[in-house]
Amino acid sequence: MIGIVAYGVYIPQPRIKVEEIAQVWGHNPDQYKSGLMVKEKSVPSQDEDTITLSVEAARNALKQIPDIPPSEIEALYVGSESHPYAVKPSATIVAEAINATPVLTAADLEFACKAGTAGIQACLGLVKAGYITYGLAIGADTAQSKPSDPLEYTAAAGAAAYIIGQKQVLAEVEAMYSHTQDVPDFWRREGSDYPRHGGRFTGVPGYFNQVLSCTRGLMQRLGTKPGDYDYAVFHQPNGKFPLRAARALGFTKEKVLPGLVVQQIGNTYSGSSLIGLAAVLDQAKPGDRILLTSYGSGAGSDSFSFVVTDNIKEKRALAPSVNYYIQRRRYITYSVYSKYLNHFRGFDNE
């Protein structure tokens, strides 16, 4: 049995409401709230970045395996599109902070919003091959967005960490499947402050083509159908896309809503689908089957089929839940939000 041994999440406390952003730019807040199905989003504080978010999520995951020392983690991958350093790995800092150094392999991964699931795949391969006992994969982002762009209403911050192994597994991986193509739907060139996107054309040729194809490929490989799953989690760029994808695939809304956290915290990019999975694991029962499909612009998807084991009962109570972090919030104004994200240039960031 190979799968998830432990998991942990972290979501920053500051939040900004859609109305607060809309007021500054003269937009209609109701249009964005209904169009995106997002009410507010998480914002990193001034002293938070992808690395600090990753450390907090990793520490929470380690709380679920108190009898396993961090030194037994032999691979660590941080998937993100907002690494603080252009030349210096985030993974080594995270490994040092959780006392996993020095005997491990570590690397930063980048594939837009699916870099975290790519890390899980790498860990699964190393564990299955017998090269390592435990691997840690993290999806984390402090997403960038140009002021007044529609992305500003959803680009958020958060992290999820998953420890992969063969002992004390709380959710077994039945199978995985990937679907990847070159789709120029969303990009940010080196040195650019903000990403650019193809607007409404990012949907059908990007998100839906990859997510639907990948999910169908996984179910065909396993011989399963939507009715065989108790939960389904899809990447959450907004509240509408996952529900539309679920409907096209034949999943009921009730199987998606437990993991649909984007409405409360926004799109956490590399953390998006993985925080959604954590929200489902926070309430799933032994024997439940979970489908997860991530999505990364550029573009590609990774799909997984998990089966929850009896170990979930005792483990999930050892670390803060997703709902704990959702409720742990304080609202900020747009001026404070701009200060946190350093929208105004000219500061020394060295």
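Buried, as used in these legends, means under 20% relative accessible area, exposed means over 50%, and partly exposed is anything in between (1.4 Å probe, protein chains only). This is a predicted model, where local features need pLDDT of at least 70, side-chain atom pairs count only at pLDDT 80 or more, and totals for chains, interfaces and linings use all residues. Residues are numbered from 1 along each chain as its sequence is written, and side-chain values use heavy atoms, with hydrogens and water left out.

**View 1. The whole chain, before we zoom in.** Start with the inventory: the protein chain comes to 13 helices and 14 strands (DSSP runs numbered from the N terminus, H or I of at least four residues for helices, E of at least two for strands). Its radius of gyration is 19 Å, close to the 20 Å from the globule rule for 350 residues, so the chain is as compact as a globular protein of that length. That radius is taken over C-alpha atoms, and the rule is 2.2 Å times the number of residues to the power 0.38. Along the principal axes, the C-alpha atoms fill a box of roughly 55 × 45 × 35 Å. Of the 350 residues, 56% are buried. The accessible surface is about 14500 Å², with 49% of it belonging to carbon and sulfur atoms (Shrake-Rupley method, 1.4 Å probe; for residues, only the protein chains shown count as cover). Now for contacts, meaning heavy atoms within 4.5 Å: among those between residues at least 6 apart in sequence, 79% join residues at least 24 apart.

View 2. A nonpolar core here is a set of buried Ala, Val, Leu, Ile, Met, Phe, Trp, Tyr and Cys residues joined through side-chain atoms within 4.5 Å. The largest one has 69 residues, and I4, Y162, I163 and L281 touch the most other members. Pick out I163 and look around: leaving aside residues up to four places away in sequence, I163 touches G3, I4, V5, A6, A61, L62, I65, I73, Y134, G135 and L136. There is also a second, separate core of 36 residues, and V38, F234, L243 and Y340 are among its members. In soluble globular proteins, nonpolar side chains tend to be buried together.

View 3. A75 sits in strand β4 (residues 73-79) and, with a relative accessible area of 0%, is buried. Not counting residues up to four places away in sequence, A75 touches L104, T105, L126, I132, Y134, G135 and L136. One of these, Y134, is 59 residues away from A75 in sequence, yet their C-alpha atoms are 7.1 Å apart in space. L126 belongs to helix α5 and is partly exposed, at 22% relative accessible area. On the same terms, L126 touches A75, Y77, Y131 and I132. Another pair to find is L126 and G165, 39 residues apart in sequence and 9.4 Å apart from C-alpha to C-alpha.

View 4. T101 and P102 are joined by a cis peptide bond with omega of about 5 degrees. P102 is in the loop between α4 (90-97) and β5 (105-109). The other cis bond runs from G298 to A299, with omega near 15 degrees. A299 is placed in the loop between β12 (289-293) and β13 (300-308).

View 5. A112 is not a glycine, but its phi is positive, near 50 degrees. A112 lies in the loop between β5 and α5 (115-129), and its 4% relative accessibility makes it buried. S148, also not a glycine, has a positive phi of about 80 degrees. Look for S148 in the loop between β6 (134-142) and β7 (157-165); at 30% relative accessibility, S148 counts as partly exposed.

**View 6. Helix α7, and G35 over in helix α2.** In helix α7 (residues 240-249), the buried residues include F241, P242, L243, A245, A246 and L249. Just after α7 comes G250, with a positive phi of about 100 degrees. For the last stop, find G35 in helix α2 (residues 29-36), where G35 is partly exposed at 34% relative accessible area. G35 and N238 are 203 residues apart in sequence, with 8.8 Å between their C-alpha atoms.
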